[in-house]
Amino acid sequence: MEALLFWVFGVVAVIASLLVVGQRNPMYSVLILIVSFGALSGLYVLLDAPFVAAIQIIIYAGAIMVLFLFVVMLLNIPTEDPPTGHHARLLGGAGPRRFGAVLSLLLVVELFWAMSRLQPAPLPGAGTAGSTTVYDIGIKLFREYSFAFEATSVLILVAMVGAIILARREPHA
Amino acid sequence: MPEPTLNSYLLLSAVLFSIGTAGVFLRRNLITILLSIEVMLNAVNLTFVAVDRYLGAVDGQIIVFFVMTVAAAEAAVGLAIVIALFRHKESLNPDAFTSLKW
């Protein structure tokens, strides 16, 4: 059962992410990315992490994606022009883009080479001594990581002020 | 069907991260580039949670919490920059923004 769910969620996440990257219309990209986040949330449940699964839906799908959706609708963004001329071929584009494509291909090869060298490591069964609860997370978050937690509030404040300053219409004296 | 091991989760995470990287390098739309960054962040989150489960620790989930906070701040500032850029040039093609000052 767990194996089947892993495959279903994994395949949905990969296909949805591919569609996000492959879309020319950013509107569809944003909506499909929510599907990918939902599948990842399912994987977190399989991994015995209900807290992460919940905040994945609440923060990512609920807050960040809505922010993206607002901006896409606010700007009335044109769909990306289909590539023309020498841009049409994936590896034949402008110099920087060709360089980027080669780099990302290199990363893929590197990652899979590293993966192939790993010994198979079975996960401990659910509900064993190692499994964690939201209680453990809360205790640790507010004891060992309390400074980092407080620091994030400053980070969010700075991001909020920065976003307002950046997106403000410049007063034309 | 074999039970998923740590390796299967790491492999899935690697695939998602590669898709995100390819998106950042190959797309010519600032919004899609930001979305690809979110895909990469999620791939890393999956690694954190999977290794967390493998080690029976809780620290990875706390790191994921912080990653999400940073992702929210990044999305807010990034989108504000996108709005400012779009006002100036009526375009979201990163190749349109080549001058530091205008």
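## Exposure and the model

Buried means under 20% relative accessible area, exposed means over 50%, and partly exposed lies in between (1.4 Å probe, protein chains only). This is a predicted model: local features need pLDDT of at least 70, side-chain atom pairs count only at pLDDT 80 or more, and totals for chains, interfaces and linings use all residues. Residues are numbered from 1 along each chain as its sequence is written, chains are lettered from A and ligands numbered from 1 in the order in which they are written, and side-chain values use heavy atoms, with hydrogens and water left out.

Helices are DSSP runs (H or I, at least four residues), numbered from the N terminus. Helix 2 of chain A covers residues 26-46. Its expected span is 1.5 Å times one less than its number of residues. For 21 residues that gives 30 Å, and the end C-alpha atoms are 30 Å apart, which agrees.

Most residues other than glycine have a negative phi. D48(A) is not a glycine, yet its phi is positive, about 65°. D48(A) is partly exposed, at 22% relative accessible area.

## The interface of chains A and B

Contact means heavy atoms within 4.5 Å. The contact takes 85 residues from chain A and 69 residues from chain B. Buried area is the accessible area (1.4 Å probe) that two parts lose on being put together, summed over both. Between chain A and chain B it is about 7200 Å², with carbon and sulfur atoms giving 75%.

The rule finds one salt bridge across the interface (a side-chain nitrogen of Lys or Arg within 4 Å of a carboxyl oxygen of Asp or Glu). K140(A) pairs with D59(B) in a salt bridge, with the closest N and O atoms 3.1 Å apart. On the side of chain A that touches chain B, helix 1 (2-22), helix 2, helix 3 (50-75), helix 4 (95-116), helix 5 (134-143) and helix 6 (146-167) each supply at least two residues. That side divides into 61 nonpolar, 13 polar and eleven charged residues. Here Ala, Val, Leu, Ile, Met, Phe, Trp, Tyr, Cys and Pro count as nonpolar, Asp, Glu, Lys and Arg as charged, and the others, Gly among them, as polar.

N7(B) sits in helix 1 (residues 6-26) of chain B. N7(B) is buried, at 17% relative accessibility. Leaving aside neighbours within four places in sequence, N7(B) is in contact with L118(A), Q119(A), P120(A) and A121(A).

N93(B) lies in the segment after helix 3 (59-89) of chain B. N93(B) is partly exposed, with a relative accessible area of 23%.
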